[in-house]
Amino acid sequence: MSTRRRNRKPTAKPAGSATRTRAAKPASAPARAPRGQNKVKVLDALKDGPMTASEIAKATGIGAGTVSTMLTKMAKSGELAKAERGYQRPQ
């Protein structure tokens, strides 16, 4: 025999309790860039010389966190090289 209760009655709410309302969602989330587009923008920004993550973010319009993560991954894979200050294309 099942231990599940059937025909349960809903519990009563205390008098004067306010119901919770959900916060309104933003009208739309920021659009995602197509695969590889941010990498192209970063490489294009670095064609004139070394730049820091924040400088690349300002030049490309990509979020600073996204740029920082991308630069770290690209440096580990050998696509970029660490410069004295920032990152640069490999020589």
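Student: How much space lies in the largest pocket?
Tutor: About 440 Å³ in this predicted model. A pocket is an open set of points on a 1 Å grid where a 1.4 Å probe fits, with protein on both sides within 12 Å along at least five of seven lines. Local features need pLDDT of at least 70, side-chain atom pairs count only at pLDDT 80 or more, and totals for linings use all residues. Residues are numbered from 1 along each chain, and side-chain values use heavy atoms, without hydrogens and water.

Student: Which residues lie nearest its centre?
Tutor: R32, G36, N38, T66 and M70, out of 13 lining residues, where lining means an atom within 4 Å of a point.

Student: And which helix gives the largest share of that lining?
Tutor: α3 (64-77), with five residues. α1 (37-45) supplies at least two. Helices here are DSSP runs of H or I, at least four residues.

Student: Switching topic. Which residues of α1 are buried?
Tutor: N38, V42 and A45, buried being under 20% relative accessible area with a 1.4 Å probe. They sit on the same side of α1, because they cover an arc of only 65 degrees around the axis.

Student: What do they pack against?
Tutor: The buried residues of α1 pack against α2 and α3.

Student: What about L80, what is it in contact with?
Tutor: Beyond neighbours within four places in sequence, its contacts (heavy atoms within 4.5 Å) include L43, L46, L71 and Y87.

Note on methods: Grid points are joined across faces, edges and corners, and a volume is the space filled by probe spheres set on the points. Buried means under 20% relative accessible area, exposed over 50%, partly exposed in between (1.4 Å probe, protein chains only). The arc is that of the directions from the helix axis to the C-beta atoms.
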